[in-house]
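User: Hi! I'm new to reading protein models and would like to learn with an example. Could you take me through one?

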Amino acid sequence: MKKVSGPSARGFYRKSRQRERILALLRSTQTHPTAAWIFDRLRREFPSLSVGTVYRNIAILVDEGLVNRIDFGSTFDRFDANTLPHYHFICEGCARIIDVDVPFDQAITARVDSSSGLTARRHEIEFYGLCERCAKER
Ligand SMILES: [Zn+2]
Ligand SMILES: [Zn+2]
């Protein structure tokens, strides 16, 4: 993938409408979608769109701190427009990634720092189990 060089690139403004739509789409869902999912939903609106364009636009949004890239070792990058610190629940039945309504504990990071000489800057916690839908099917 080409490195995104920032707002000086000439395509910046020309592509900003696509980027706005991508951001709006990401903000409209809590499903932590892939670039392919976004592409599928915007391809009719932007006939010249490609998965590569979607990726490049998301890379800029990530760079701007508007979107988080999440990687739980899955094949595809997933994206999250909720940039407030929060935890995720991964359903082992359907692989959905769900935001968990548990207060984010900033103190955990500091605890690592003070006890071991390691400088922790952030932490992530993922919970694994079954979502409501999958639990009902068992
Ligand atoms: Zn599930
Ligand atoms: Zn999330």
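User: In which helix does Arg27 lie?

Analyst: First, a word on what you see: this is a predicted model, where local features need pLDDT of at least 70, side-chain atom pairs count only at pLDDT 80 or more, and totals for chains, interfaces and linings use all residues. Residues are numbered from 1 along each chain as its sequence is written, while chains are lettered from A and ligands numbered from 1 in the order in which they are written. Helices (H or I, at least four residues) and strands (E, at least two) are DSSP runs, numbered from the N terminus. Here, Arg27 belongs to helix H2, which covers residues 16-27. Glu20 has its place in helix H2 too.

User: Why does Arg27 count as exposed?

Analyst: We count other C-beta atoms, placed from the backbone, within 10 Å of a residue's own: 20 or more means buried, 12 or fewer exposed, and in between partly exposed. Arg27 counts as exposed because it has 12 C-beta neighbours inside 10 Å. Glu20 is exposed because its count is 12 as well. Across the 138 residues of the protein chain, 11% count as buried.
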